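Please read these notes with the model open beside you. They go through it point by point.

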Amino acid sequence: MSRFVIPGILRLTRRNRNYVDARRATAHVRERALRPLPYGPPRTLRGVEVSVVHERGWPIYTLTPSDGHSRGGLVYAHGGGWVGEIASTHWQLAARIAAEAHLTVTVPIYPLIPFGTAAEVIPRIAELVLACREAHGPTFLAGDSAGGQIVLSTALHLRDQGHPAVPRTIAISPALDLTLENPDIDTVLPRDPWLGRDGGLVFGRLWSGDLPMKDPLVSPLFGEFDGLGPITLFTGTDDILNPDARLFAAKARAAGVDLDYVEEPGLVHVYPLTPSAEGAAARRHIIATLSTELDGAQSMS
């Protein structure tokens, strides 16, 4: 699908309707709380074996390469504005990472707003990373949008708890500052067919719970970046989260973080998950990056 078709489809389907209007966003949270969507993986996932356990109220899925060859682990946090359930595109990416990078991928079904909050979810994701590291070896983090916020905040939390740095965190169009105060967002808003400020603030405030919205568990842009492991960050310039991605990149580089920053002009939010040539290229980039990290880890062992 052409990169020029996707924005038109998003506008035609009013994909941003719950993000641009605070009352609609509040109603959407209420509706999803009353009528949650299914979260199970599609039957069509290829190259992986799927299993699930329930631990402390969370369904936790594991995707294992069908050939039985795993070189490490990865914890994937899905996007959806902290209110949307995991979707087929998330599952497909997680399965591809497992099959092609030869990783055991853990996919937690974390609690969504209004029930889940950053203070509950981030430490639990960190626990999963540590468990995955013990069971499978080098363990990465990956997530998109809201999930990008989760994995970057988790990397900060693990660092703050004194654990070894995550060998690489993949952040796809991450939410970085949930206050959406960056004045450059105003310039991008008219071009973004997916996200909006007023509804996004409703979701972000619920997700922050009792924490300040600038707490790094909520908004990773405000963490200290010293000691973080390598990060790959994808962003498109027609995404209101792009201005904060630029701030994040500058701050990460200043702190000496090994940053692979991929910015694509004219592309939308979470473009690496879209059925476009640029999305396909980004997915290949993810697999190649993880494979290279694993090759390096094996050569040093």
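**Notes on the model**

1. Helix 5 has 19 residues, and from its first C-alpha to its last it reaches 26 Å, close to the 27 Å expected at 1.5 Å a residue. The expected span of a helix is 1.5 Å times one less than its number of residues. Helices (H or I, at least four residues) and strands (E, at least two) are DSSP runs, numbered from the N terminus. This is a predicted model: local features need pLDDT of at least 70, side-chain atom pairs count only at pLDDT 80 or more, and totals for chains, interfaces and linings use all residues. Residues are numbered from 1 along each chain as its sequence is written, and side-chain values use heavy atoms, with hydrogens and water left out.

2. Several residues of helix 5 are buried, including Ala118, Val121, Ile122, Arg124 and Leu128. Buried means under 20% relative accessible area, exposed over 50%, and partly exposed in between (1.4 Å probe, protein chains only). Arginine 124 also lies over the face of tryptophan 58, at 4.6 Å from the ring centre. A charge sits over a ring if NZ of Lys or CZ of Arg is within 6 Å of the ring centre and within 35 degrees of the ring normal. Glycine 137 follows helix 5 and has a positive phi, near 100°.

3. Which residues have the most contacts inside the largest nonpolar core? They are Leu63 and Val105, in a core of 95 residues. Helix 5 (residues 118-136) gives the largest share of this core, 8 residues. A nonpolar core is a set of buried Ala, Val, Leu, Ile, Met, Phe, Trp, Tyr and Cys residues joined through side-chain atoms within 4.5 Å. Leaving out residues up to four places away in sequence, leucine 63 touches Leu45, Trp91, Leu103 and Val105, among others. Contact means heavy atoms within 4.5 Å.

4. The whole structure holds 7 aromatic pairs. Tryptophan 82 and tryptophan 207 form a stacked pair, 6.1 Å centre to centre with 20° between the planes. This pair links distant parts of the chain, 125 residues apart: tryptophan 82 is in the loop between strand 3 (73-77) and helix 4 (88-101), and tryptophan 207 is in helix 8 (residues 197-208). Both tryptophan 82 and tryptophan 207 are buried. Rings of Phe, Tyr and Trp (its six-membered ring) pair if their centres lie within 6.5 Å; planes under 30 degrees apart count as stacked, over 60 as edge-to-face and the rest as tilted. Tyr39, Tyr61 and Trp91 form one aromatic cluster.

5. Helix 6 (residues 146-160) has 15 residues and reaches 21 Å from first C-alpha to last. Why is helix 6 largely enclosed by the rest of the structure? Because 13 of its 15 residues are buried. Just after helix 6, glycine 162 has a positive phi of about 85°.

6. Two loop residues make a contrast. Proline 164, in the loop between helix 6 and strand 6 (169-172), is exposed, with a relative accessible area of 55%. Leucine 241, in the loop between strand 7 (231-236) and helix 9 (242-254), counts as buried at 8% relative accessibility. Leucine 241 and leucine 176 are 65 residues apart in sequence, with 7.4 Å between their C-alpha atoms. Among the residues that leucine 241 touches, not counting those up to four places away in sequence, are Pro174, Leu180 and His269.
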